[in-house]
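User: I would like to learn how to read the features of a helical model, one at a time, beginning with a single residue and ending with the packing of helices.

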Amino acid sequence: MTLEKARELLAVQAQMGGGYNRNAARLILAEIQREHGQQIVDGFIREFDLEQLFGFRPGTEFKAP
């Protein structure tokens with residue numbers, strides 16, 4: 001997944017909020033972490049304030065089920 005596509009998808013999830021969107025954001029972050037690394041994931045968490053919205057903290061490792 002490209003970083004631009006991830007940014008677009010995360011923007012939608014952050015805008016909508018809610019439990020299903022939390023799971024979708026987690027899956028997106030897991031794929032980004034696998035392809036691009038933790039530093040990029042931490043940047044997205046900060047950019048979209050995902051710690052406040054979904055409780056995702058920078059440094060958290062995300063894994064797809």
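User: Is Q33 buried or exposed?

Analyst: This is a predicted model, in which local features need pLDDT of at least 70 and side-chain atom pairs count only at pLDDT 80 or more, while totals for chains, interfaces and linings use all residues. Residues are numbered from 1 along each chain as its sequence is written, and side-chain values use heavy atoms, with hydrogens and water left out. Q33 is buried because its relative accessible area is 15%, where buried means under 20%, exposed over 50% and partly exposed in between, with a 1.4 Å probe and protein chains only. Q33 belongs to helix α2; helices (H or I, at least four residues) and strands (E, at least two) are DSSP runs, numbered from the N terminus.

User: Which residues does Q33 contact, leaving aside its neighbours within four places in sequence?

Analyst: With contact taken as heavy atoms within 4.5 Å, Q33 meets Q38, V41, T60, E61 and F62 once its neighbours within four places in sequence are left aside. For F62, the C-alpha to C-alpha distance from Q33 is 7.1 Å, although the two are 29 residues apart in sequence.

User: How should I read the two sides of a helix, and which residues of α3 are buried?

Analyst: An α-helix has 3.6 residues a turn, so residues three or four places apart point the same way. In α3, which spans residues 38-47, the buried residues are V41, D42, F44 and I45. They lie on the same side of α3 because they cover an arc of only 160° around the axis, the arc being that of the directions from the helix axis to the C-beta atoms. Q39 and R46 are exposed on the other side of α3, and R46 counts as exposed because its relative accessibility is 56%. What covers the buried residues of α3 includes α1 (3-16), α2 (19-36) and α4 (50-54).

User: How is the packing of two helices described, and at what angle do α1 and α2 pack?

Analyst: Two packed helices are described by the angle between their axes and the distance between the axes. Axes are lines fitted to C-alpha atoms, for helices over the stretch in contact, and angles run from 0 to 180 degrees between N-to-C directions. For α1 and α2 the angle is about 160°, and the axes are 9 Å apart. That angle makes α1 roughly antiparallel to α2, since angles under 35 degrees count as roughly parallel, over 145 as roughly antiparallel, 65 to 115 as roughly perpendicular and the rest as oblique. The crossing of α1 and α2 is left-handed; a crossing is left-handed if the near helix is turned anticlockwise from the far one by less than a right angle, and right-handed if clockwise.

User: Which residues meet where α1 packs on α2?

Analyst: L3, A6, L9, L10, Q13 and M16 of α1 meet N21, A24, A25, I28, L29, I32 and H36 of α2. Q13 is one to inspect: it counts as buried because its relative accessibility is 12%. N21, in α2, is buried too, with a relative accessible area of 16%, and among its contacts beyond four places in sequence are Q13 and F54.

User: Where does α1 meet α3?

Analyst: L3, A6, R7 and L10 in α1 meet I40, F44 and E47 in α3. The axes of α1 and α3 are 11 Å apart, at an angle of about 35°, and their crossing is right-handed.
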